[in-house]
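Q: I am new to this structure and would like to be guided through it. Could we take it topic by topic?

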Amino acid sequence: MAIEYLDHTADLGLRATGGTIEEAFCEAARGLFGAMIALDAVAPRRSCALGIAAESEPDLLVEWLSELLAQKDLTGLVFSSFDVRIERRGNGWRLEGRAFGEPLDPARHHPRAEVKGISYLGLEVAKQAGSWQVRCVMDV
Amino acid sequence: MNGIEKLERVAPFEWILPREGEMRVPGRIYADEETIASLTREVEEGSEWSALKQVRHVAALPGIVDAALALPDVHPGYGFPIGGVGAFDLDEGVIVVGGVGFDINCGVRLLATPLSRAEFEPFGHRLGEELFRRVPAGLGAEGTLRLTIGEIDQLLERGAAYAVERGFGVAEDLAYIEEGGRVADADPETVSERAKQRQFRQVGTLGSGNHYLEIQAVAEVQDPDAAAAYGLREGGIVVSIHSGSRALGHQIGQDYLKEMTVASRKYEIPIPERELVCAPIRSAEGKRYLAAAACGANCAFANRQVIAHLVREAIGAVAGVRAEEIRTVYDIGHNHVKVETHTVGETPRRLLVHRKGSTRAFAAGRPEAPPAYRSTGHPVLVGGTMGTASYVMRGTERGMQVAFGSGIHGAGRALSRKKAAKTFWGEHVLSDLESAGIRVWTHSRRGIAEEAPGAYKDIERVVRAATEAGINRPVARLSPLVVIKG
């Protein structure tokens, strides 16, 4: 599992990999919050249940990350670990799981720039040589 | 085929990307050689996210009129390039979420105080502290104005006027905000509950990233007549507020990207890049997004109105200046979509103009400017970055003819945030700025490195290119004294 931030002049590209699509999505979520706060300082004291659906895997990635952005504002929590299950449902895909974190504490979490949204630019979810790779560009 | 070998220089600061392939119109770029070199380098190096490629993609959208434009602060965005302008025929054209972006109506408010630099100096430090304390900024900051859903709907409909009704600022402010601080035809029904819920605690917050609040001195007046009309005098103290529509705008962007994906398919619109999903302007989906974007715009106007009030309170508390002595010079957005009248060829036409990282820059005589600015055209507010100057400019007749009356919005980034964070060290940036007499208060040291002045193009060069291209004219240069960053 790995997170890599990619150069984009105005915004921030994100690539995450995992052994399974679930791991890759969880890494991407860590990459999203890692861009905004010091991940290691966030204790998984509270959790939030999430369920989303989309018609394709790349769309599911955008839905997943934008859902987490919304939950950050709605709950005041920032998240550092995730547990999800992804499955095909009908003509599309469904993700269910939990995000773990705690209320944002600027003194401990060392905030950086806020991610405003998840764009479709360079969006990718692909299985390559036994590992899953996901990629997107975040508007910062 | 990357097309750059065909980039034609038609004037010292004007370049044409000729129409070819899927392009319906040419691309037209107003920039200096250095910017063109960096744009072509992106293509030559095979950069996946190239601004020139984005200009070509915009030029391929249905109903685009005249040309896909890029202004001197152009750099890669998503969908449209930043510094990009695209105008569309109302019958044949499309409305594009990626032509506005997530931060709908992000923009700048400029306030003029009665203080001179000499009068400001003794309490500069205390004022910085007071602004840092009073103006919520940075990740997770919450505003003082908490709204119910019903109240949010009123704010979305009435924009800055609603903030004034709630006691933030004065009614005179409204005349000096683009579109009176209230974009018509905003329909809160087109905005999701989630977008409204995310905004409950975010009205009157600055945000983070490149958003800022600066106390600046008018360092140089270059156009005395316009400066006099705008109430700017050399040595005077002004305040710039750079912020946007916060979470509400971000959620509208996210919601409508999804909706437009479906619409693009429904209307069988060929999409050169997924971020350019769109709908016909006259379609139900197109009208809904236009009404939602108007809500986002009003939210941003209200947001800056509330922040302006907090700034007045801080200056009042520290310097004893009364709120009504601090005048709104202008408030202008640089991520928007608007129906406007422009003369294309000989004929005036109603067009839908998208500006992404670009402002309106309407010349003298246009009725959209406040009456006091009719003879000069409204101010164009060009944001700097901490150590660098900001500019007040104005539109020109030529800009009306060739650029749909558009203006530059800032220096434009040169380095990615990743490269900037590697290149600059927050503490060093802060000490360099302090040596230059610029006091910075920030919620994020890392953010300071990412936003270091060296991560941006030279604003003087960008202003010169816009001036030499004839689309904008400088009125006054503002130099920062106090910077508040999220």
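A: Let us begin with the order of elements: from the N terminus on, chain A runs β-β-α-β-α-β-β-α-β-β-β. The model is a predicted one.

Q: How many helices and strands does the secondary structure of chain A come to?

A: Chain A has three helices and eight strands.

Q: What pLDDT does chain A average?

A: The average pLDDT of chain A is 95, and 100% of the residues score at least 70.

Q: Which elements of chain A have the lowest and the highest mean pLDDT?

A: The lowest mean among the elements of chain A, 91, belongs to strand β1 (residues 2-7) of chain A, and the highest, 98, to strand β5 (residues 92-103) of chain A.

Q: What radius of gyration does chain A have, against that of a compact globule?

A: Chain A has 14 Å, and a compact globule with 140 residues would have a radius of gyration near 14 Å, so the two agree. Taken along the principal axes, the C-alpha atoms of chain A fill a box of roughly 45 × 35 × 25 Å.

Q: What percentage of the residues in chain A is buried?

A: Buried residues account for 51% of the 140 residues in chain A. As for contacts in chain A with a separation of 6 or more, 67% of them involve residues 24 or more positions apart.

Q: Turning to the interface, how many residues of chain B are in contact with chain A?

A: There are 37 residues of chain B in contact with 30 residues of chain A. On the chain B side, the elements giving two or more residues are α7 (193-199), α9 (246-266), α12 (417-423) and α14 (445-450) of chain B. The largest share, six residues, comes from α9(B).

Q: How do the residues on that side of chain B divide into nonpolar, polar and charged?

A: The side of chain B that touches chain A has eight nonpolar, 17 polar and twelve charged residues.

Q: May we look at one residue of chain A? Where is R112(A) found?

A: R112(A) is in the loop between α3 (106-109) and β6 (117-118) of chain A.

Q: Is R112(A) buried or exposed?

A: R112(A) is buried, because 27 other C-beta atoms lie within 10 Å, and the cut-off for a buried residue is 20 or more.

Q: Which residues is R112(A) in contact with, leaving aside its neighbours within four places in sequence?

A: In chain A, R112(A) is in contact with A35(A), M36(A) and I37(A), and in chain B with S444(B), R446(B) and G447(B). R112(A) also lies 8.6 Å from A38(A), C-alpha to C-alpha, although 74 residues separate R112(A) and A38(A) in sequence.

Q: Now the nonpolar core. Which residues of the largest nonpolar core touch the most other members?

A: Of the 213 residues in that core, F25(A), A29(A), L61(A), L65(A) and V311(B) touch the most other members. Helix α10 (residues 284-319) of chain B gives the most to this core, with 18 residues. In soluble globular proteins, nonpolar side chains tend to be buried together.

Q: What is A29(A) in contact with, apart from its neighbours within four places in sequence?

A: A29(A) is in contact with W64(A), L65(A), L68(A), F79(A), F82(A) and A99(A).

Q: On to backbone angles. What is the phi of R246(B)?

A: R246(B) has a positive phi of about 55 degrees although R246(B) is not a glycine. Most residues other than glycine have a negative phi. R246(B) lies in helix α9 of chain B and is buried, with 30 other C-beta atoms within 10 Å.

Q: And what is the phi of F404(B)?

A: F404(B), not a glycine either, has a positive phi of about 50 degrees. F404(B) lies in the loop between α11 (397-402) and β17 (406-407) of chain B, and F404(B) counts as buried because 26 C-beta neighbours are inside 10 Å.

Q: Finally, in what sense do strand β1 and strand β2 of chain B pair?

A: Strand β1 (residues 8-11) of chain B and strand β2 (residues 14-17) of chain B pair in the antiparallel sense over three bridges. A hairpin of two residues joins β1(B) to β2(B), and R9(B) stands opposite W15(B) in β2(B).

Conventions
Residues are numbered from 1 along each chain as its sequence is written. Chains are lettered from A and ligands numbered from 1 in the order in which they are written. This is a predicted model: local features need pLDDT of at least 70, side-chain atom pairs count only at pLDDT 80 or more; totals for chains, interfaces and linings use all residues. Two residues are in contact if their C-beta atoms, placed from the backbone, lie within 7 Å. Helices (H or I, at least four residues) and strands (E, at least two) are DSSP runs, numbered from the N terminus. Ala, Val, Leu, Ile, Met, Phe, Trp, Tyr, Cys and Pro count as nonpolar, Asp, Glu, Lys and Arg as charged, and the others, Gly among them, as polar. A residue is buried if 20 or more other C-beta atoms lie within 10 Å of its own, exposed if 12 or fewer, and partly exposed in between; C-beta atoms are placed from the backbone. A nonpolar core is a set of buried Ala, Val, Leu, Ile, Met, Phe, Trp, Tyr and Cys residues joined through C-beta atoms within 7 Å. pLDDT is the predictor's confidence in each residue, from 0 to 100. The radius of gyration is taken over C-alpha atoms; the globule rule is 2.2 Å times the number of residues to the power 0.38. Two strands pair if DSSP finds at least two bridges between them.
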